[in-house]
Amino acid sequence: MSKYDPLKSRLTAFREDSLALSFEEIEGLIGQPLPPSSRDYDEWWSNEDPKKTTHSQSKAWVTAGFTAEVDRLRRHVTFRRK
C-alpha cells in the first residue's frame with residue numbers, strides 16, 4: 001500500500017477531465033506533508049510509466065488515468081485525464 005493511494009482513489013472516483021488541487025489539499029488527502037523535493041523539483045511531478053518507475057506518487061495519478069501539471073510557485077497541481 002502506498003501513502004499516495006488516497007490521491008489515486010480521489011482521482012479514480014473523479015469523473016471530470018481535470019482536477020486542480022493545492023499542495024495542502026493533496027497533503028490532506030494523504031494525511032502527511034509532501035516531501036521537500038515536491039516543492040523544489042518539477043521532476044518530482046513527472047508522469048512516469050508505472051511499469052518502469054519506483055516513484056509511488058507518479059504511479060498514483062498515472063494508474064488512475066491522469067497526468068500531473070505542476071505550478072510549484074503557486075503550490076498547485078492540475079491533474080488531467082489522459
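**Reading the terms of a predicted model**

Modeller: Leaving aside its neighbours within four places in sequence, T53 is in contact with E48 and K59. Contact means that heavy atoms lie within 4.5 Å. This is a predicted model, in which local features need pLDDT of at least 70, side-chain atom pairs count only at pLDDT 80 or more, and totals for chains, interfaces and linings use all residues. Residues are numbered from 1 along each chain as its sequence is written, and side-chain values use heavy atoms, with hydrogens and water left out.

Biologist: Where is the place of T53, and why is T53 called buried?

Modeller: T53 has its place in the loop between α3 (36-40) and α4 (56-63). Buried means under 20% relative accessible area, exposed means over 50%, and partly exposed is in between (1.4 Å probe, protein chains only). T53 has a relative accessible area of 9%, and is therefore buried. The C-alpha atoms of T53 and P6, 47 residues apart along the chain, are separated by 19 Å.

Biologist: What makes a stretch of the chain a helix or a strand, and how many of each are there?

Modeller: Both are DSSP runs, numbered from the N terminus: a helix is H or I with at least four residues, and a strand is E with at least two. By that rule the secondary structure of the chain comes to 4 helices and 3 strands. From the N terminus on, the elements run α-β-α-α-α-β-β.

Biologist: How do you know that strand β1 pairs with strand β3?

Modeller: Two strands pair if DSSP finds at least two bridges between them. Strand β1 (residues 18-22) and strand β3 (residues 76-81) are joined by 5 bridges, so they pair, and they run antiparallel.

Biologist: How many bridges join β2 to β3, and what do β2 and β3 form?

Modeller: Strand β2 (residues 66-71) is joined to β3 by 6 bridges, and the two run antiparallel. With 6 bridges set against the required number, β2 and β3 therefore pair. D71 stands opposite H76 in β3, and A68 has F79 as its bridge partner there. β2 and β3 form a hairpin with 4 residues between them, and R75 in the turn has a positive phi of about 55°.

Biologist: Why does F23 count as buried, and which residues does F23 touch?

Modeller: F23, in helix α2 (residues 23-30), has 0% relative accessibility, which lies under the cut-off, so F23 counts as buried. Not counting residues up to four places away in sequence, F23 touches L34, S38, R39, W45, V70, R72, R75, H76 and V77. V70 is 47 residues from F23 in sequence and 9.7 Å away in space, C-alpha to C-alpha.

Biologist: Which residues of α4 are buried, and why is S58 called buried?

Modeller: In α4 the buried residues are Q57, S58, A60, W61 and V62, and they pack against α1 (5-13), β2 and β3. S58 has a relative accessible area of 0%, which is under the cut-off, so the word buried applies. Not counting residues up to four places away in sequence, S58 touches S46, N47 and E48. G65, which follows α4, has a positive phi near 95°.

Biologist: What makes K82 exposed?

Modeller: K82, found in the segment after β3, has a relative accessible area of 61%, which is over the limit for exposed residues, so K82 is exposed. K82 touches V62, G65, F66 and T67, not counting residues up to four places away in sequence. The C-alpha atoms of K82 and F66 are separated by 5.2 Å, with the two residues 16 apart along the chain.

Biologist: How do you know that the radius of gyration of the chain agrees with that of a compact globule?

Modeller: The radius is taken over C-alpha atoms, and the globule rule is 2.2 Å times the number of residues to the power 0.38. For 82 residues a compact globule would have a radius near 12 Å, and the chain has 11 Å, so the two agree. The C-alpha trace spans about 25 × 25 × 20 Å along its principal axes, and 35% of the 82 residues count as buried. Among contacts between residues at least 6 apart in sequence, 48% join residues at least 24 apart.

Biologist: How many positive and negative side chains does the chain have?

Modeller: Lys and Arg count as positive and Asp and Glu as negative, while His and the chain ends are not counted. The chain has 14 positive and 13 negative side chains, and the centres of the two sets lie 5 Å apart. The place of a charge is taken as NZ of Lys, CZ of Arg, CG of Asp or CD of Glu.
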